[in-house]
Amino acid sequence: MSDAHERLLGAVRAGRVHSAYLFAGPGDVPRRTAHWFARALACSGDANGELPCEACPACRRSRAGEPVALDAEGKKGPLYRHVGEHPDLLWVERAEDKTRVSIQQVRALQEVFRLKGVEGGRRVAVIADAEWLNQQAQNALLRTIEEPPPRTTFVLVCASPAGLLATVRSRCQRLDFAVERAPSPTSAEAPDEVRALAERIANLPRLSLPELLDWAEEFRGPRAIAAADASHLLGVGAAWLHERIASHAAEGIDVSGELAAFGALGDCRKSLAQRNANPQMVAERALLSLREALA
């Protein structure tokens with residue numbers, strides 16, 4: 001059992017549950033923990049036993065079923081879904097073809113929480129992909145978590161909290177989820193596509209400006225796909241740059257240029273998540289920053 005899991009379990013058993021949490025970390029662990037936590041909060045079984053107990057009516061209703069596809073605009077599907085069939089456990093995430101959690105989805109949660117809970121127990125809303133809330137949606141959410149309805153808990157799940165407003169982060173109890181470090185992008189353990197991309201990045205100083213712009217044009221097309229590809233470029237670029245910085249710093253080589261590029265990649269990630277930036281323009285800025293650092 002992880003430290004985060006133990007802390008949450010202790011909070012549930014002691015009845016000291018916060019109104020808002022931020023689960024931060026890559027991979028599926030934060031999302032799985034958010035799902036478990038929502039069910040544990042609804043469980044009406046013995047708090048000193050296993051949570052969720054899987055025997056009480058709330059646990060039976062919250063058992064996982066076939067996930068319902070969401071629609072960010074609520075036209076072709078619901079804006080949110082329930083955890084299992086529990087009416088007081090709500091789950092929001094990006095629609096499959098969208099790059100962000102929409103303000104309509106946040107407002108739908110707010111509308112639900114203006115009403116009295118169905119079961120009379122604690123109500124929970126999990127917002128997965130929280131880093132993909134734009135500033136307008138985050139400000140709307142902030143008003144609710146600043147003055148939450150009674151016995152209501154919000155759980156924001158994100159790979160990195162950098163895209164969230166400081167005011168939102170400050171209202172949440174943060175739990176960081178550690179995961180095994182991914183293999184170096186240049187190592188044999190890395191996926192072929194990651195190693196190929198790392199090789200292209202290493203070759204950036206040899207590219208002319210028109211060739212670099214041609215590369216950036218690969219990030220055109222439907223935004224959901226292009227943004228995912230740009231996010232992958234930023235992730236591999238940051239990992240590759242981190243490795244280079246560590247190596248050069250150990251040899252006493254000046255790394256100020258690489259550090260500036262690393263910061264630029266972080267800014268690119270924020271622009272992609274928060275400001276609805278054009279993925280091609282984000283990729284172009286990232287590639288230019290990397291090329292300048294390596295030249």
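The legends below describe close-up views of one predicted model. Residues are numbered from 1 along each chain as its sequence is written, and side-chain values use heavy atoms, without hydrogens and water. Local features need pLDDT of at least 70 and side-chain atom pairs count only at pLDDT 80 or more, while totals for chains, interfaces and linings use all residues.

**View 1. The whole protein chain.** The chain has 11 helices and six strands; these are DSSP runs numbered from the N terminus (helices H or I, at least four residues; strands E, at least two). Its C-alpha atoms fill a box of roughly 65 × 40 × 35 Å along the principal axes. Of the 295 residues, 46% are buried (under 20% relative accessible area; exposed is over 50%, partly exposed in between; 1.4 Å probe, protein chains only).

**View 2. The salt bridge between R39 and E54.** The two side chains meet at 2.9 Å, N to O; a salt bridge is a side-chain nitrogen of Lys or Arg within 4 Å of a carboxyl oxygen of Asp or Glu. R39 lies in helix α2 and E54 in the loop between α2 and α3 (57-61), 15 residues apart. R39 counts as buried because its relative accessibility is 8%, whereas E54, at 33%, is partly exposed.

**View 3. The salt bridge between E93 and R81.** The side chains come to 2.8 Å, N to O. E93 is in the loop between β3 (89-92) and α4 (103-113), and R81 is in strand β2, 12 residues away. Both E93 and R81 are buried. They belong to a network of salt bridges that also links R31, R94 and D129.

**View 4. The second largest pocket.** This pocket holds about 320 Å³ of space. Of its 15 lining residues, H35, G65, P67, R81 and H82 are the closest to the centre. On a 1 Å grid over the protein atoms alone, a pocket is an open set of points where a 1.4 Å probe fits, with protein on both sides within 12 Å along at least five of seven lines; lining residues have an atom within 4 Å of a point. Helix α2 gives the most to the lining, with three residues.

**View 5. The salt bridge between E217 and R220.** The closest N and O atoms of this pair are 3.9 Å apart. E217 is partly exposed because its relative accessible area is 41%, and R220 is exposed, at 55%.

**View 6. The loop at A277.** A277 sits in the loop between α10 (256-274) and α11 (279-294). A277 is buried, with a relative accessible area of 18%.

Methods: Grid points are joined across faces, edges and corners, and a volume is the space filled by probe spheres set on the points.
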